[in-house]
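Thanks for coming. Please have a look at it before I start.

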Amino acid sequence: MHHNQRKPVLSGLPFEALAETLKPLPQFRAEQVFQWILRGVSSFQEMSNLGLSLRKDLEQRFSLYSSGIEGRAEDPDGTVKLYIRLYDGQRIEAVLLRDGRDRKTACLSTQAGCPLACVFCKTGIRGLTRNLDSGEILEQFLHLRTIEPRIANIVFMGMGEPLLNLPQLRKAVAVLTGSRGFGLSKRRITLSTSGIIAGIRQLAAAGPGVGLALSLTTADSTLRSRLMPVTLSNPLSSLKDVLYDYQQRQGRRITLEEVLLGGINTRQEDSDALAAFASGLDVVVNLIPWNPVQGMAFEGRPLREPSNREVSAYMQRLESRGLKVTRRLRKGVSIAGACGQLGPSRMGGRTVPPNISP
Ligand code: SAH
Ligand code: SF4
């Protein structure tokens, strides 16, 4: 699709599609190539169980990958952010998160930029450049595996809105979860959406049965429309209906993510509206104190982080209404690898941030 002038790329193809592409090569050869790709070899030359002339032939006809690591930044807390350059020069980011229990999670992007322009999110600033294809989504995982081979969890919480790129996301998830692919459990994959109703309907009808997180931020519909313009075309009342439907079919608890903006969405009205929105659904509320992004403002006022007191008080108010609430630990703040801090890395004319080691 994007690759007309170039050799076809093999990385994002589910096994069946790869076998088709490599025909008339026999199935077992396709299997070998597929396994090498999953292992993340960097060239056809490394595929030692293929004959030399076959390796050469493949190299002439195909590309293994289409993206490359351009730089990396590491936070003292163990978070690593990769700067990835796509074939057309676009830059995206993928993040490796490690938690206290030594659980490793890949945070992947689904679009270069994002069209939805939430006022608190850095990715929204640059708008959408384009959707990623399945190979570009999968390659982020392969790149992260070169740092940490044992990644068992995936969150689609990087740049972009996953439900605006569902066909390519589905292909990538097929490789991640396939018995012929990485065999990851669907229970360990979570997709975060700003609330695209049509997309949630498609998920409910046709999968993939991954976990769902909704970036609610506030259930006060007027305020949400001002913070997240996507609300105007995806109203909260219909959103709740499709979530209910999704839950009936998938039977999984849904996460409601609330990015907390100091002095904005931690009011009594917000907790009231949230409790009303959550009633009848099986949800856990995940509070995410806003990660600061320089220069961001809401209707003329600079955004600020919520104070600890503000977060605790809001959390208590939700709990006293019977909601299950967790508070997200901050990760990767020093390298801007935290939620919503993924964005144009070429600000101020610099191509890469200063704390990068090649
Ligand atoms: N587009 C999808 C997924 C990517 S954003 C979505 O919006 O859900 C992933 C999460 O980061 C969302 O919950 C979003 O609300 C949150 N987020 C965005 N900017 C943030 C910031 N500056 N600080 C903390 N969280 C932020
Ligand atoms: Fe897009 Fe999500 Fe950022 Fe909103 S929060 S602009 S939907 S990436």
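Here is what the model shows, after two remarks on conventions. This is a predicted model, where local features need pLDDT of at least 70 and side-chain atom pairs count only at pLDDT 80 or more, while totals for chains, interfaces and linings use all residues. Residues are numbered from 1 along each chain as its sequence is written, chains are lettered from A and ligands numbered from 1 in the order in which they are written, and side-chain values use heavy atoms, with hydrogens and water left out.

Now the polar contacts, which are pairs of N or O atoms within 3.5 Å. A polar backbone atom of G160 is 2.9 Å from a nitrogen atom of ligand 1. For N291, a backbone N or O atom is also 2.9 Å from a ligand nitrogen. An N or O atom in the side chain of E257 is 3.2 Å from a ligand oxygen. Alone, ligand 1 exposes 530 Å², and the protein buries 96% of that, by the Shrake-Rupley method with a 1.4 Å probe.

Finally, the chain is divided into domain 1 (3-61) and domain 2 (89-352), bounds that come from an automatic or database domain assignment. Their centres, over C-alpha atoms, are 34 Å apart.

Technical notes: Polar contact = N/O pair within 3.5 Å; in protein donor to acceptor, adjacent residues only side chain to side chain.
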